[in-house]
Amino acid sequence: MKFFRNISYKKNIAYLFSCAIFFVMSSCEEDLTKAGGKQSKNFPSQIINNANIIQRDSGFVTMRAKAPIIEKYELIDSPYTVARKGIDIQFFDKKKPKVPGTIKAKYARIFEYKKFYEAKGNVRITTNEGQKFAMQSIFWDQRKKRIYTRDTVYVTMEDGSTLVGANGMTAKDDFSEYVFYQNSGDFTTSKLSEKQK
C-alpha cells in the first residue's frame, strides 16, 4: 500500500510541476508579444538614394526635386518624408514654363496627409519673377496656400532693391502677395514713386 501511495504522490508532484512550467512558459510568451508591440515603428520604410523626382499635372511638369537621400516614414500615426542631407526643388508655373522658381535647403520634411511642408537650414527661394528670399526656416501649409516664417527674411527684388523682414513674413504660396513684420529696406526712388501713383 505504501508503494502505491508513493507513486501516486510522485505523479501528483510531476503533474503540478508540468502545469507550473506550462503557465510560466505561456506567461513568458505573452510578455514577449506585449514587449514586441511596444517597439518603435519610427524607422524609414523606404529609402531613396540620389533622388530625382518629377511631379506632373495633366502632362505639365509642375516640380522637379533632387536630394542625396530621401526617407519615407509610413508605419507611424503621422507619416512623413524627410530629406536630411538637403533638397533642391524647381517649381514651374504655366504662365512662365521656361523660367522655374527654386527652393534650396539643408533639410526638408513633408507631412503628406496634412499637406504641410517645412524646410530648414540656409533656405533660399527664387521666384520665377526673379525675387530672391533668404531665411533659416520656412513652412508651407498647402491646404491654406500659405507660406510663413518667424525668422528674419532677406529679400532681393529683381531690380536690386532689398528688404528685410526682421520678424518674419507670411505669403501666398505663389508669392503673388506677402506681408513682412518689422520690415526695413533699400528701395530705389523710382520704385517708391511708382507705388505712390
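How many nonpolar, polar and charged residues does the lining of the largest pocket have? In this predicted model, local features require pLDDT of at least 70 and side-chain atom pairs pLDDT 80 or more, whereas totals for chains, interfaces and linings use all residues. Residues are numbered from 1 along each chain as its sequence is written, and side-chain values use heavy atoms, with hydrogens and water left out.

The lining comprises 23 nonpolar, eight polar and 14 charged residues, where Asp, Glu, Lys and Arg count as charged, Ala, Val, Leu, Ile, Met, Phe, Trp, Tyr, Cys and Pro as nonpolar, and the others, Gly among them, as polar. A pocket is an open set of points on a 1 Å grid over the protein atoms alone where a 1.4 Å probe fits, with protein on both sides within 12 Å along at least five of seven lines; lining residues have an atom within 4 Å of a point. Of the 45 lining residues, Thr 62, Met 63, Phe 91, Trp 140 and Gln 142 lie nearest the pocket centre.

The protein chain has two helices and 14 strands (DSSP runs of H or I, at least four residues, and of E, at least two, numbered from the N terminus). Strand 3 is one of those supplying at least two residues of the lining.

Thr 81 lies in strand 3 (residues 80-83). Thr 81 counts as buried because its relative accessibility is 9%, the limit being under 20% relative accessible area (1.4 Å probe, protein chains only). Across the 197 residues of the protein chain, 26% count as buried.

Definitions and conventions: Buried means under 20% relative accessible area, exposed over 50%, partly exposed in between (1.4 Å probe, protein chains only).
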